[in-house]
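Dear colleague,

Please find the structure below, handed over for your use. My notes on it follow.

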Amino acid sequence: MFFDSWTGLGRVLLVGTLAYVALVAILRISGKRTLTKLNAFDLVVTVALGSTLATVLLSKDVALAEGVLAMVLLVFLQFMITWLSVRSAGFRDLVKSEPTLIMHQGEFLDGAMRAQRMTRDEVMAALRSNGVMDASQAAAVVLETDGTIAVIKGTDHEAAKPTLASVRQP
């Protein structure tokens with residue numbers, strides 16, 4: 001079906017504009033931390049906000065007020081998780097992962113890679129994208145808490161020593 005009614009199009013324009021304005025206001029009020037991707041919870045909130053906005057836009061069964069309330073609830077719950085994480089080490093350990101060392105001084109750490117479900121090809125791709133053509137040139141490769149892969153080049157090894165101590169090693 002290409003066209004249902006002018007009323008439907010008008011609803012999408014009006015509700016879409018209002019929902020978008022509400023989302024921008026919610027994000028401005030909640031601060032920069034809301035859309036960061038520091039951990040899995042942050043990613044889930046970002047995706048859920050987009051999904052909620054799309055549902056409000058396209059579903060006649062969801063009223064604008066319900067959609068805005070759902071977005072406020074998601075941001076509030078994410079705020080509470082981060083607030084508790086900052087104040088409670090036990091809670092932080094429950095909801096956040098630690099960075100994982102997957103290569104050290106050019107040597108693949110197969111146990112850590114297996115635990116993180118990573119292949120050597122994926123690590124090599126990350127090395128190449130960071131300008132490292134040979135694994136022996138890498139002082140370390142770390143799978144960060146947000147799923148990105150950080151590469152510490154061999155020339156950066158001395159500067160990286162203190163930070164490598166803070167990364168979980170197998």
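Q78 touches R33, T34, D42 and V45, leaving out residues up to four places away in sequence; contact here means heavy atoms within 4.5 Å. Q78 lies in helix 3 and is buried, its relative accessible area being 4%. Buried stands for under 20% relative accessible area, exposed for over 50%, and partly exposed for the range in between (1.4 Å probe, protein chains only). Helices (H or I, at least four residues) and strands (E, at least two) are DSSP runs, numbered from the N terminus.

As to sources, this is a predicted model, in which local features need pLDDT of at least 70 and side-chain atom pairs count only at pLDDT 80 or more, while totals for chains, interfaces and linings use all residues. Residues are numbered from 1 along each chain as its sequence is written, and side-chain values use heavy atoms, with hydrogens and water left out.

Helix 3 (residues 64-87) also holds F76, which counts as partly exposed because its relative accessibility is 45%. F76 belongs to a nonpolar surface patch together with L73, L77, F79, W83 and L84, and the accessible area of the patch is about 550 Å². The areas come from the Shrake-Rupley method with a 1.4 Å probe, and for residues only the protein chains shown count as cover.

Turning to the strands, strand 1 (residues 100-104) is largely enclosed by the rest of the structure, because four of its five residues are buried. Strand 1 runs antiparallel to strand 3 (residues 138-143), with four bridges, and M103 stands opposite V141. Strand 1 is also antiparallel to strand 2 (residues 107-108), through two bridges; pairing requires at least two DSSP bridges. Strands 1 and 2 form a hairpin with two residues between them, and Q105 in the turn has a positive phi of about 50 degrees.

Yours sincerely

How values were computed: Patch = residues over 30% accessible without salt bridge, like charges linked within 9 Å, V, L, I, M, F, W, Y side chains within 5 Å. Salt bridge = Lys/Arg side-chain N within 4 Å of Asp/Glu carboxyl O.
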